[in-house]
Amino acid sequence: MIGIIFGPPGSGKGTQAARIEGEFGLKHLSTGAILRQEVAKGTPTGKEAGRVMAAGDLVPDDLIVDIVRSRLPEAEAGAGVLLDGFPRTAAQARALDSMLENEGHKVDFVVALDVPEQELVGRILKRAKVQGRADDTREAIEERMHEYRTLTAAVLDHYRKQGVRVEEVDGHGTPDEVFERVRRAIGISSG
Ligand code: AMP
């Protein structure tokens, strides 16, 4: 099973993905988290990505596609995988499709978290105080929102056109409230 958790920066993708993983065993694969680890370790990938990320821009498609290609088989080996933060451009979505096609797989569902932009900025600034992420500054947040609107939103159309199940979920409220909606949307019942 291949799922994608989708939404603008600050919409709660990571929080919801961790819950889905905890309860249903879909392996959470977050490209942002992988990149932050690479930056922390000072690897060549981290060096290439660090400055781009801090400015709120997207790292090059090739770099991110290589990361996913190298990690997907292992992540997919169990109950399935939940991709978080990938694909973020139409080119990445096409690259993912061809990766999966080679193994006879496809994207099974997309859960798109819907949160108004005004609320997102407030949430991210709050998170900045707790986590101290380098890209949670006001300037970088604006750039990330811009990237989302101009490049990433098209990913939903890509999957809709293919007839992949795209579930839009209201991302307002507490993590528990949102998770209840997510669970209903993807049709997994905890029994
Ligand atoms: P995230 O944790 O998903 O918000 O990602 C943090 C940052 O990592 C983004 O703002 C980008 O700079 C970079 N990043 C993560 N995933 C991708 C991706 N699929 N394509 C390009 N850049 C990415």
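A residue is called buried under 20% relative accessible area, exposed over 50%, and partly exposed in between (1.4 Å probe, protein chains only). By that cut-off, buried residues make up 46% of the 191 residues in the protein chain.

The model is predicted: local features need pLDDT of at least 70, side-chain atom pairs count only at pLDDT 80 or more, and totals for chains, interfaces and linings use all residues. Residues are numbered from 1 along each chain as its sequence is written, and side-chain values use heavy atoms, with hydrogens and water left out.

Start with the elements. The protein chain has nine helices and five strands. Both are DSSP runs numbered from the N terminus: helices are H or I with at least four residues, strands are E with at least two. Their order from the N terminus is β-α-β-α-α-α-β-α-β-α-α-α-β-α. The radius of gyration is 16 Å, close to the 16 Å of the globule rule for 191 residues, so the chain is as compact as a globular protein of that length. That radius is taken over C-alpha atoms, and the rule is 2.2 Å times the number of residues to the power 0.38. Along its principal axes, the C-alpha trace spans about 40 × 35 × 30 Å.

Now the contacts, meaning heavy atoms within 4.5 Å. Among those with a separation of 6 or more, 73% join residues 24 or more positions apart.

Next, the interior. A nonpolar core is a set of buried Ala, Val, Leu, Ile, Met, Phe, Trp, Tyr and Cys residues joined through side-chain atoms within 4.5 Å. The largest one holds 33 residues, and Leu-72, Leu-83, Leu-96, Val-107, Val-110 and Tyr-159 touch the most other members. Elements that each supply at least two residues of this core include strand S1 (2-6), helix H4 (61-76), strand S4 (109-114) and helix H8 (154-162). H4 gives the most, with seven residues. A second, separate core has 15 residues, among them Leu-26, Val-169, Ala-185 and Ile-186.

Leaving aside residues up to four places away in sequence, Val-110 touches Ile-4, Phe-6, Leu-156, Tyr-159, Val-164, Arg-165, Val-166 and Glu-167.

Finish at a loop. Ser-11 sits between S1 and helix H1 (13-24). Ser-11 counts as buried because its relative accessibility is 2%. With residues up to four places away in sequence not counted, Ser-11 touches Leu-113, Val-115, Leu-120 and Arg-123.
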